[in-house]
Amino acid sequence: MGQEFLAVIILLIIAALTAVGIVAASALIGRRVSPEERNIPYECGLDPASRPFGRFPIKFFLVGVLFLIFDVEVVFLIPWAAAFRGSASLGNGAVLAVELVVFVSLLALALVFAWARGALEWER
Amino acid sequence: MNAMDISIAAARAVVIFGLVLSLIPVLIWMERKGAAYIQDRRGPNRAHILGFRLGGLVHMLADALKLLTKEEVTAAGVMKPLVFLAPALAFFAATATVAAVPFSGPISVAGQTLTLEVANMKAGLVYVLAISSLGAYALLLAGVTSQTSYSFLGAMRAASQFISYELALGMAALALFLVAGSLSLTDIAADQGAVLWRWNAFRQPLAFLIFMAALFAEASRLPFDLPEGDSEIVGYHVEYSSMRFAMFFMAEYAHIIVGSAVVAALFFGGWNIPFADQGLIAANAERIAAVAWPIAAVVLMLAGASIAQRFKKRFGDLRDYEPVMIGLPMMIAGVTLAILYAPLGDVILSTRWLPAAVTFVLGFTAVLAKTLLIASVFVWVRWTLPRFRYDQVMAFGWKILLPAGMLNLVVTAAIMLYLG
Amino acid sequence: MAIEYIKLLEERLGDAAVESHSFRGFESAVVRSGAWERALEILKTDGKLNMLTDLCGLDHPGEKDRFEVVAHLYSVEKKKRVRLKTRCPEDDPSISTSTRVYPAADWFEREAFDMYGIRFDGHPNLKRILCHRDFVGHPLRKDYPKEKRQPFSTPDTLMDEMEILDPCDRPIVRSSDRKILDGVTIARSTIARSHDSRFLLNIGPSHPAMHGCFRVLVELDGERIRNAVPEIGYMHRCFEKEAEAHTWHQVIAYTDRLNYVSPIMNNAGYCMAVERLLDIEIPERAKWIRMLACEVSRICDHLVAVGANLVDIGALTNFWYLFNAREQFTDWIEALAGARLTATYTRIGGLSRDIPAGSNAQLRSCIKTMRQAIKDVAAMTKKNRILIDRTHGIGAISEEEAITRGFTGPCLRATGCAYDVRRAHPYYFYDDIEWDVPVGIRGDTYDRIFVRMEEMEQSARIIEQVLERLPEGPIMTSRRDVVLPPPHEVYGSIEGMMQHFKLAMHGIHPPEGEVYSYTEAANGELGFYIVSDGCERPYRARVRAPCFPIYQAFPMLIKGHLVADVVAIMGSLNIIAGELDR
């Protein structure tokens with residue numbers, strides 16, 4: 001086990017080093033003649049009409065919140081799903097299944113609520 | 001932990017990482033040639049090294065060199081460290097996911113069981129989901145730090161698209177955990193075995209479709225390439241140039257490769273070959289090798305001959321001699337193999353490690369073939385379908401994929417309970 | 001032709017209807033400037049002239065009422081046209097606006113203001129349109145020197161227009177109840193609202209999906225378009241000023257650059273106008289060949305329009321299929337005219353040369369490739385769920401609305417109105433052969449794409465019939481005051497030589513008069529309003545570009561849609577900057 005985790009860490013280090021290495025190599029090798037005009041942020045050849053951070057709609061925030069809710073639920077379900085087969089073979093399957101149904105119905109209810117309240121409508 | 005362990009660990013990491021890295025240009029080549037094939041044209045075929053064009057593969061090297069030497073434009077007023085961090089993070093997130101993916105079945109060598117993978121993680125798929133979602137940060141960083149309205153739109157699209165489809169991805173994976181009773185990719189692949197209809201693509205067709213759709217979205221490939229959306233918002237990477245720009249695409253292709261390998265393990269039995277399980281292959285290793293050797297010799301000779309006879313004066317430089325330069329060595333190799341068969345055949349066929357070697361080669365080939373086949377679906381879809389619109393992508397993720405994933409989970413549990 | 005309208009005006013306006021005249025079968029009515037809006041209103045409501053095809057200014061230096069405003073009106077149901085004119089003096093060049101009657105007049109009046117300085121009282125947004133906002137003078141006035149240069153580089157912020165136009169979350173203002181602000185323009189400094197909280201985005205002039213150089217400034221709510229202001233003029237090349245400075249023949253080469261995707265149709269349209277002015281009937285063979293070349297050009301244009309539109313929607317492969325076919329058609333055009341893009345093929349009185357040998361087989365093989373390409377593309381798009389979702393109901397416009405806004409061509413036909421100049425006012429032999437006018441139902445992006453696809457098939461049918469029926473004969477008229485004599489006459493007779501000398505040195509001299517000649521170009525009705533004072537150069541050569549009114553309606557079409565729809569709609573309207581800006 002120790003060896004395997006060492007391998008993962010080595011892989012992460014290699015990947016990180018390669019990524020940084022390529023960026024650095026590109027920065028070192030690439031030509032550097034940037035006239036000032038070239039450094040103006042792109043907006044179809046004109047000066048930007050507004051700063052991008054001014055304001056953005058609450059919808060994006062809403063997606064983030066919804067994601068948090070549902071993703072945490074999925075995380076809760078992971079150990080359950082992994083244990084299901086083992087427990088079912090021991091005869092506890094029905095209990096676990098009822099748990100699932102209750103849990104997923106709650107989730108579905110939340111989704112239906114969000115849906116009905118228009119949180120999933122992007123066109124509006 | 002001794003030096004041996006450390007070196008084996010390092011070897012695993014280096015080999016797997018190298019594999020992914022070398023598959024990136026192959027996939028780019030597949031993409032460009034595939035696009036050319038679909039669009040009635042030739043695709044890249046001009047660049048060469050000493051006459052070797054390798055069907056356009058050399059273009060990938062030429063592109064890399066060109067991009068490295070290109071001017072890097074950094075927009076005024078950006079947060080510089082973040083501009084460098086974003087492409088590096090994208091690349092890192094896409095390649096590091098490969099740690100949990102098995103590239104061959106377990107083989108026993110000298111009393112040890114080895115698999116061509118970095119680690120058989122107990123929570124392998126969770127690791128994959130976790131690391132790959134880091135990619136969203138890269139796009140977000142790239143888009144937001146560029147100080148451009150267009151890239152900002154791209155970043156917002158990327159953020160909301162990725163998190164929406166992560167849910168669908170998770171839901172599809174949950175059903176697989178149920179079926180296999182494990183979170184490890186190696187275990188899920190092993191659980192499917194060599195029986196074709198036990199593969200999850202057939203046992204869990206809905207999960208498969210959801211997973212594929214979500215994977216397209218996570219890799220931001222057409223029809224889900226909204227963060228890029230080159231004809232609409234020009235892309236989250238509009239302020240990026242040279243290799244920094246290309247790294248986002250290297251990350252995209254790495255994402256496709258790793259994603260395809262994950263799909264191969266999750267839904268297509270990983271290293272398993274239909275109706276030929278590992279034991280069967282090991283037991284018949286000698287016979288397989290005995291047949292494969294002469295076939296390889298003949299195929300090499302014939303293929304070499306057919307390539308060599310395509311020699312024609314067209315370019316007036318070394319490129320004309322490419323068929324000969326490739327065909328002749330192939331023919332020589334084939335002839336050598338055939339000649340060696342008589343004196344060396346018996347010795348090699350009776351060695352102790354032959355069963356392990358044959359299982360390994362076949363398993364690895366199976367994984368590679370499945371991965372590239374699934375990756376070619378990405379290419380095929382890209383050049384066939386139009387792009388979704390932003391609201392449609394979100395509606396598809398939340399209103400179709402997520403409920404379908406939940407339904408699939410419940411139905412799977414019910415069926416499993418019913419079957420005991 | 002349309003004498004009833006003159007009578008109607010005389011009846012209702014009395015003294016204010018000053019006079020009427022007719023030239024080459026086209027009725028003109030002149031009214032007093034005070035009765036201008038009233039006259040238009042009468043013609044629209046009682047005369048059912050529901051489309052304002054063109055409105056432009058004219059300059060008569062030295063005359064008492066120096067400036068003239070000319071409007072061309074058309075009735076789609078009755079297929080009748082009339083020209084309405086008025087004059088205004090130099091010291092107070094103002095008349096009342098016609099935007100309240102015809103919303104399409106908006107940009108036409110801005111152009112007349114820009115070019116001549118004619119003020120339209122009550123116009124909601126009277127500012128320069130083709131020239132830069134800091135431009136001094138009015139370039140089409142006869143006393144503006146042609147050589148004068150005024151370089152500018154600061155782009156307009158367009159914020160003044162953003163204030164005038166209504167964002168879409170207020171009730172959408174349609175043409176019928178359009179709110180018109182009194183007063184002419186709002187100065188940039190008087191903008192009351194702060195813009196900090198708004199997300200503004202320039203789409204164009206340098207954007208991957210802009211088919212040419214033009215710009216639209218949008219105000220976004222997330223990705224939804226709340227408000228949009230278009231700006232054109234980036235590609236203004238003073239076509240009309242150049243035309244006044246060149247001889248009748250030299251102008252042909254300039255027309256190539258109008259709709260540069262199908263230049264031969266512009267050549268033919270211009271030559272037809274001059275021929276009408278000269279009252280020339282060109283030989284039969286020339287007519288057939290012009291039809292042939294025009295239909296090939298139309299196919300080329302539609303192939304690009306559809307292909308590029310699909311690329312904008314993300315369906316990239318279709319572009320290659322369509323372009324394969326276009327490449328072959330362009331090869332034929334190259335063999336025909338010697339150039340692939342700038343053909344300059346037609347001549348006043350005929351054609352520059354006959355069709356190349358082997359055209360029959362070549363064109364038939366082109367058509368075969370085109371049909372296969374259309375089949376492939378239709379298979380990939382027509383029932384594709386994503387494409388349908390992306391285009392159904394996107395940028396839709398009703399038939400009535402489209403007519404009042406001056407839409408013509410495929411964009412009008414997509415709404416269900418079967419107006420095609422070739423069918424409504426057949427020229428050449430379009431009424432002799434069999435072809436259909438495809439129309440859409442909803443007037444949305446989907447319909448515009450597939451109306452174009454079907455039109456290519458109809459053009460192919462026309463080409464096949466033309467190839468079958470092409471008669472032998474000359475390709476130039478024999479009118480000696482227009483056409484250079486053949487070489488043997490130039491070198492063999494004194495009359496021939498003198499004729500050659502006169503034409504080469506002084507050009508042709510059409511009679512005094514004015515014509516409005518219209519043909520069906522790829523994007524709709526391409527009109528040439530040509531005024532001659534009997535000299536060797538046009539006194540006024542006005543182009544009625546089909547894109548111009550269509551792009552004018554663009555903000556209305558995109559409001560409420562998403563950024564991705566902007567490019568889809570833009571592609572389906574097929575705005576060509578060359579003819580938009582002239």
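Modeller: A salt bridge here is a side-chain nitrogen of Lys or Arg within 4 Å of a carboxyl oxygen of Asp or Glu, and the model to which this is applied is a predicted one.

Colleague: Which residue forms a salt bridge with Glu322(B)?

Modeller: Across the interface of domain 1 of chain B and domain 2 of chain B, the rule finds 1 salt bridge. The closest N and O atoms of the pair that includes Glu322(B) are 3.2 Å apart, and the cut-off is 4 Å. The partner of Glu322(B) is Arg53(B).

Colleague: Which three residues in domain 1 of chain B lose the most area to domain 2 of chain B?

Modeller: Chain B is divided into domain 1 (3-275 + 357-419) and domain 2 (283-351), with 34 Å between their centres, taken over C-alpha atoms. The contact takes 10 residues from domain 1 of chain B and 9 residues from domain 2 of chain B, and the two domains bury about 920 Å² between them, 64% of it on carbon and sulfur atoms. Together giving 46% of what the side of domain 1 of chain B buries, the three residues are Phe52(B), Arg53(B) and Val358(B).

Colleague: How many salt bridges are counted between domain 2 of chain C and domain 3 of chain C?

Modeller: The domain assignment of chain C places domain 2 at 159-231 and domain 3 at 239-581, and their centres, taken over C-alpha atoms, are separated by 32 Å. The area buried between domain 2 of chain C and domain 3 of chain C is about 1,900 Å², of which carbon and sulfur atoms give 66%. Across this interface the rule finds 4 residue pairs in polar contact, while the count of salt bridges is 0.

Colleague: Which element gives the largest share of the side of domain 2 of chain C that touches domain 3 of chain C?

Modeller: The residues of that side of domain 2 of chain C divide into 13 nonpolar, 5 polar and 6 charged, and His211(C), Phe214(C) and Ile225(C) lose the most area to domain 3 of chain C, together 32% of what the side buries. Both β9 (215-221) and β10 (224-231) of chain C supply at least two residues of the side. The largest share, 6 residues, comes from β10(C).

Colleague: Which helix gives the largest share of the side of chain B that touches chain C?

Modeller: The contact takes 26 residues from chain B and 34 residues from chain C. On the side of chain B, the elements that give two or more residues are α6 (149-180) and α15 (390-419). The largest share, 5 residues, comes from α6(B).

Colleague: Why is chain A described as more spread out than a compact globule, and what is its radius of gyration?

Modeller: Chain A has 3 helices and 0 strands, and its C-alpha atoms fill a box of roughly 75 × 55 × 15 Å, taken along the principal axes. For 124 residues the globule rule gives 14 Å, and chain A is more spread out than a compact globule because its radius of gyration is well over that value, at 25 Å.

Key. Residues numbered from 1 in each chain as written. Chains lettered and ligands numbered in written order. Predicted model: local features only at pLDDT ≥ 70, side-chain atom pairs only at ≥ 80, totals over all residues. Heavy atoms only, no water. Domains from an automatic or database assignment. Buried area = accessible area lost by both parts, 1.4 Å probe. Polar contact = N/O pair within 3.5 Å; in protein donor to acceptor, adjacent residues only side chain to side chain. Helix = DSSP H or I, 4+ residues; strand = E, 2+ residues; numbered from the N terminus. Nonpolar A, V, L, I, M, F, W, Y, C, P; charged D, E, K, R; others polar. Contact = heavy atoms within 4.5 Å. Rg over C-alpha atoms; globule rule 2.2 N^0.38 Å.
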